[in-house]
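Hi everyone, thanks for coming. Let's take a look at the structure together, and I'll talk you through a couple of parts of it.

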Amino acid sequence: SGVGRRVWGSRDVCSTTSSMVMRMRTPQTSFPVHAPTLCCWSPTSTTAHTPRGVHFSASALDVPVEGVKVSDATEDLKSIRAKKGFIIDMDGVMYYDSKLIHGAQEFVAWLQRENHNFLFLTNSSDKTPKDLRHKLRHLTGIDVHESHFFTSALATAAFLGKQKPQGTAFVIGDAGLVHALYNEGFTITDKSPDYVVVGETKNYNFELMQKAINLVRNGARLIGTNCDIVDRAEFGVTPACASLLAPIVAASGAVPYYLGKPNPLIMRRALKHLGTHTADTIIVGDRMDTDIIAGIESEIDTILVLSGVSTMNSIKNFPWTPRFILNSVADIPVAELHSSL
């Protein structure tokens with residue numbers, strides 16, 4: 001399960017029961033990578049190929065990890081395309097900020113054309129499914145129904161609604177989180193709330209942090225929509241939910257609970273929504289510590305795309321490996337066309 005997980009690697013602990021967000025040192029002994037089957041680099045080259053439409057700095061795309069093996073790409077892509085259900089992350093997979101990642105438009109069109117069941121499952125909590133539908137339509141020109149989107153805000157609200165029906169919460173977050181809690185019957189207040197709930201926001205400040213710390217110290221339980229430390233941005237990275245939670249945790253000593261990936265609750269919701277068996281489902285994500293481990297613990301195949309946070313070089317910091325590694329989602333439908341020529 002996702003409870004008590006500690007990820008030893010280049011990023012921070014992603015733990016649903018950790019008493020604070022701590023920086024962990026990478027162990028001296030690295031874990032060899034043996035299983036990935038599709039990579040963005042040629043076995044005769046030491047330079048990774050940059051996906052079109054996505055700019056990477058020299059440090060973002062590292063040389064291939066020693067020990068990674070490449071198997072037959074045609075067979076692997078056939079295996080991917082044969083899946084009935086796709087669980088797809090958004091940030092770093094479809095876009096980052098307001099920049100569409102190359103191939104995302106073609107990938108969505110392919111999913112619809114081939115009648116695949118698919119769900120965009122994002123750890124971001126700032127937008128509603130309606131907002132995400134509008135953003136994807138604006139970037140791709142393709143309309144996807146709101147039912148194809150599920151966020152960590154919705155998972156958080158559903159969890160709290162069962163834990164404390166008609167409860168109260170002090171919220172640090174944006175419209176997606178606030179609307180989800182309201183729709184679940186919660187009251188938003190700073191007067192002795194049952195919970196302090198933190199999600200992504202650009203409106204974080206000292207006053208909000210101070211109020212949250214004191215509410216938690218006075219008995220409110222602490223909830224994070226997800227355990228992401230940073231998200232990729234056009235200019236580099238931007239602080240994510242766990243970074244905003246860190247000072248509250250440190251000052252209150254509280255144990256936060258995170259509802260986004262890799263929490264098994266959100267994965268069960270995703271699989272239920274798709275209505276597909278685990279063997280017929282695959283998750284596509286850009287993060288080893290959320291998307292990929294969420295898929296592995298749910299016993300579904302995984303695709304790591306190198307268009308977001310995780311890189312070829314960072315894979316070695318984790319004791320698990322993705323089933324497939326692709327440049328971006330562009331490799332799925334584009335490669336299908338190439339293989340048929």
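So, which residues does Ile-303 touch, if we don't count those up to four places away in sequence? Just keep in mind that this is a predicted model. Okay, here's the list: Ile-303 touches Ile-80, Ile-282, Ile-283, Val-284, Gly-285, Ile-292, Phe-324, Leu-326 and Ile-332.

Ile-303 also belongs to the largest nonpolar core, which has 29 residues. Ile-303 is one of those with the most contacts inside that core, and so are Ile-80, Phe-86, Ile-88, Met-94, Phe-107 and Phe-120. Where does this core come from? Quite a few elements supply at least two residues each, including helix H1 (73-81), strand S1 (85-88), helix H3 (129-140) and strand S14 (301-305). Helix H2 gives the most, with five residues.

Okay, now the strands. There's an open sheet of five strands, and if you read across it, the order goes S7-S6-S8-S9-S12, with parallel pairing. Which strands sit at the edges? Those are S7 (187-188) and S12 (257-258), and each of them pairs on one side only. For S12, we can look at how it pairs with S9, residues 221-224: the two run in the parallel sense over two bridges. Gly-224 has Tyr-258 in S12 as its bridge partner.

Technical notes
Residues are numbered from 1 along each chain as its sequence is written. This is a predicted model: local features need pLDDT of at least 70, side-chain atom pairs count only at pLDDT 80 or more; totals for chains, interfaces and linings use all residues. Side-chain values use heavy atoms; hydrogens and water are left out. A nonpolar core is a set of buried Ala, Val, Leu, Ile, Met, Phe, Trp, Tyr and Cys residues joined through side-chain atoms within 4.5 Å. Buried means under 20% relative accessible area, exposed over 50%, partly exposed in between (1.4 Å probe, protein chains only). Helices (H or I, at least four residues) and strands (E, at least two) are DSSP runs, numbered from the N terminus. Contact means heavy atoms within 4.5 Å. Two strands pair if DSSP finds at least two bridges between them.
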